[in-house]
Amino acid sequence: LRELGLIRVFPQRGTQVLKISPKAVEDARFIREAVECAVVREAALKADFDDIYRLHDNIALQRRSLRIDDPEAFFDLDEDFHRLLAATAKRPSTWDFIEMVKPQVDRVRFLDLDDHHSQESNVAEHAALVEAVENHDPAKAEQAMQEHLRSVRKALLRIKTRSPDMFESD
């Protein structure tokens, strides 16, 4: 957690959870966008019937988690969706890399879990991604991924407005 920039360790005294750094969130989002846009372009070129089926199945499960109001299941399914895209691109190790940089973004995503509208938007964005991949349209898939990952900026502003004490000063 210390290496991820989430806590500060004071030897022999304890630990402190660090406030959210908007710059660190934006840097992680930037890296994630660069990698995932490349991933989704390849996914659009390489997707087969089974890949598309798995992506549609994941979307159906996301919608179900919204209906039953299970935000933790939704979060896990969101993670699985992005992992499936990497597998569809035949680049599963890219998700391993993304997992190293995304903890800062995840802090914002966890705090945004209670926003049902945000989750509904995520599902719609995921569905647009699947449509582009299914249509083998790499340019549209990349555009959809950019829009999807940039939505974390809106979440960051919502949470920062609601809970400014959780954030480092700019």
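Start by selecting α6 and α7: in this predicted model, α6 passes α7 in a left-handed crossing. Their axes lie 8 Å apart, and the packing angle is about 170°. With angles over 145 degrees counted as roughly antiparallel, α6 and α7 are therefore roughly antiparallel to each other.

Now show the side chains where the two helices meet. On the α6 side, pick Ser118, Asn122, Glu125, His126, Ala128, Leu129, Ala132 and Val133; on the α7 side, pick Lys140, Ala141, Ala144, Met145, His148, Ser151 and Arg158. Colour them by class and you will find seven nonpolar, five polar and three charged residues in this contact.

Stay with Val133 for a moment. Which residues is Val133 in contact with, leaving aside its neighbours within four places in sequence? Select Val40, Ala43, Ala44, Ala47, Ile52, Leu55, Leu85, Thr88 and Ala141 to see them.

Next, widen the view to the largest nonpolar core, which has 27 residues. Val133 is among those with the most contacts inside this core, along with Val40, Phe81, Leu85 and Met145. At least two core residues come from each of α1 (22–46), α2 (49–67), α3 (71–88), α4 (92–101), α6 (116–134) and α7 (138–162). Highlight α1 here, as its six residues are the largest share. Apart from this core lies another, of 10 residues, and Ile20, Val25, Val105 and Leu156 are among them.

For a last stop, go to Ser65 in helix α2. Is Ser65 buried or exposed? Its relative accessibility is 3%, so Ser65 counts as buried. Beyond residues up to four places away in sequence, Ser65 touches Asp70, Ala73, Phe74 and Leu77.

Conventions
Residues are numbered from 1 along each chain as its sequence is written. This is a predicted model: local features need pLDDT of at least 70, side-chain atom pairs count only at pLDDT 80 or more; totals for chains, interfaces and linings use all residues. Side-chain values use heavy atoms; hydrogens and water are left out. A nonpolar core is a set of buried Ala, Val, Leu, Ile, Met, Phe, Trp, Tyr and Cys residues joined through side-chain atoms within 4.5 Å. Buried means under 20% relative accessible area, exposed over 50%, partly exposed in between (1.4 Å probe, protein chains only). Helices (H or I, at least four residues) and strands (E, at least two) are DSSP runs, numbered from the N terminus. Contact means heavy atoms within 4.5 Å. Axes are lines fitted to C-alpha atoms, for helices over the stretch in contact, and angles run from 0 to 180 degrees between N-to-C directions. Angles under 35 degrees count as roughly parallel, over 145 as roughly antiparallel, 65 to 115 as roughly perpendicular and the rest as oblique. A crossing is left-handed if the near helix is turned anticlockwise from the far one by less than a right angle, and right-handed if clockwise. Ala, Val, Leu, Ile, Met, Phe, Trp, Tyr, Cys and Pro count as nonpolar, Asp, Glu, Lys and Arg as charged, and the others, Gly among them, as polar.
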